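Please keep the sequence and the three-dimensional view at hand while reading.

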Amino acid sequence: MTSWRPQHFRSAAAAAGRDPSTIQNALAIAQGIRQHNAILPPIFTLKHLAELTGTEYAALRSIVKRDEPDPYRIFTIRKRPSYDGERRFRLITVPRPSLLRTQKWICQQILANIVPHSSSVAFSKGDTVYDAANPHCESRWLIKMDVRNFFESINEISVYRIFRSVGYQPLLSFELARICTRLGGATPLRMTPRWNYNSRQWSAISSYQVYRYGHGPRVGHLPQGAPTSPMLANLAMREFDRRVDHLATHHGLRYTRYADDLTFSTVSDDFDRGLASHFIGLVYAEMGKVGLSPNVTKTRVASPGARKIVLGLLVDGKAPKLTREFKQNMRRHIFCLTHEGLGPTRHAEERGFSSVRGLRRHIQGLLAYAKQIEPDYAANCRRQLQSVVWPL
């Protein structure tokens, strides 16, 4: 996208015969946006957005109106089993091509230029798992928490407020929020008042009023699988991050949030389990204030002497390290792939991969991940795998 210039806009609009008062109003709107952030692109209407993104206006209008059919393709992927062995699945909603194109434009041109809270260590340019885990190295106490249904718990109103906060007009902010959210199914969560518009929040455009399940105007949520959802979730959590970071500092703790994973640590010898329990209750209360629910089964407290893992990395030492389990898994892969009686084809079958190509990509992913954390270890693994003969 070329840089927007008010002089060029004024000249082009005048040459197109636009009314001088309309031009002046548009320039005032653009100035308001650029006062918040000079990098953000001025957008005046939904039709203007359609032109900027190369999307049909009728298609965007239909999405904002929540017309059928659903503009998302829905499928499930298997998650790790629960602690009691229960099989679990994650619902993934992937936007259709025209919506995907628009959401990617919003990510690149708008959301990537809005800064989240400093405690957020995911989904921004330059963020890595290594850097996210590093602040908690050599800690004596470690507290980990998890948010249940993270993306699905952030509603359309929160998304609207993000776009309004950077200067976009109310109607356009509403339309951008609709483009980035999806109307969920009739779950117990969706039946609570938080998922209904009230009269003060409701759009005056009758075609934008969406009633579902017989409970009045419904509110959408961030769909897991949309490119906009991670960045919007971070931005929606800015005030939560600010308050929790203040709480953590007051209790002598460091705080980071990687999506739905909250981590706290301290090097203090005066901390204890009683203080940890009290602090966890305070954070749970902050979650409740913004409509989030803790996944209490994933809350963990690691005391001095216990092994400490953050985002799958060991943080007991001065720098994050790969876990013993990761290296054991890598060692099994190397043995099976290089063993004369096994090899890629048989190993892929025994490990449940649908193809040898899928196994090879998996190994490449493991090596790339290992290189970020322990480059020398990754290089040694790569050397051992050089003798593998991959079938065509």
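Which residues does H136 touch, not counting residues up to four places away in sequence?

## Basis of the description

This is a predicted model, in which local features need pLDDT of at least 70 and side-chain atom pairs count only at pLDDT 80 or more, while totals for chains, interfaces and linings use all residues. Residues are numbered from 1 along each chain as its sequence is written, and side-chain values use heavy atoms, with hydrogens and water left out.

## H136 and its surroundings

With residues up to four places away in sequence set aside, H136 touches L142, R254, T256, T263, F264, S265, V310 and V315, where contact means heavy atoms within 4.5 Å. H136 lies in the loop between α6 (129-133) and β3 (141-148); helices (H or I, at least four residues) and strands (E, at least two) are DSSP runs, numbered from the N terminus. The relative accessible area of H136 is 0%, and this residue is therefore buried, a term that means under 20% relative accessible area, whereas exposed means over 50% and partly exposed lies in between (1.4 Å probe, protein chains only).

## Strand β3 and its partners

Because 6 of the 8 residues of β3 are buried, this strand is largely enclosed by the rest of the structure. Two strands pair if DSSP finds at least two bridges between them, and β3 is joined to β5 (residues 261-266) by 6 bridges, the two running antiparallel; in this pairing K144 stands opposite T263.

Strand β3 also pairs in the antiparallel sense with β7 (residues 300-302) over 3 bridges, where I143 has V301 as its bridge partner. A further antiparallel pairing, over 2 bridges, connects β3 with β6 (residues 293-294), and here V147 stands opposite P294.

## Aromatic pairs

Rings of Phe, Tyr and Trp (its six-membered ring) pair if their centres lie within 6.5 Å, with planes under 30 degrees apart counted as stacked, over 60 as edge-to-face and the rest as tilted; by this rule there are 6 aromatic pairs. One of them is the edge-to-face pair of F264 and F279, at 4.9 Å centre to centre and with 80 degrees between the planes. Since F264 lies in β5 and F279 in helix α11 (residues 273-289), the pair ties together parts that are 15 residues apart in sequence. F264 is buried at 0% relative accessibility, F279 is buried with a relative accessible area of 0%, and Y255, F264 and F279 form one aromatic cluster.

## Helix α10

Helix α10 (residues 238-250) has 13 residues and reaches 18 Å from its first C-alpha to its last, close to the 18 Å expected at 1.5 Å a residue, the expected span being 1.5 Å times one less than the number of residues. Its buried residues are F240, D241, V244, L247 and A248. These cover an arc of only 125 degrees around the axis, so they are on the same side of α10; the arc is that of the directions from the helix axis to the C-beta atoms. An α-helix has 3.6 residues a turn, so residues three or four places apart point the same way.

On the other side of α10, H246, T249 and H250 are exposed, while the cover over the buried residues of α10 includes β4 (254-258), β5 and α11. Just after α10, G252 takes a positive phi of about 75 degrees.
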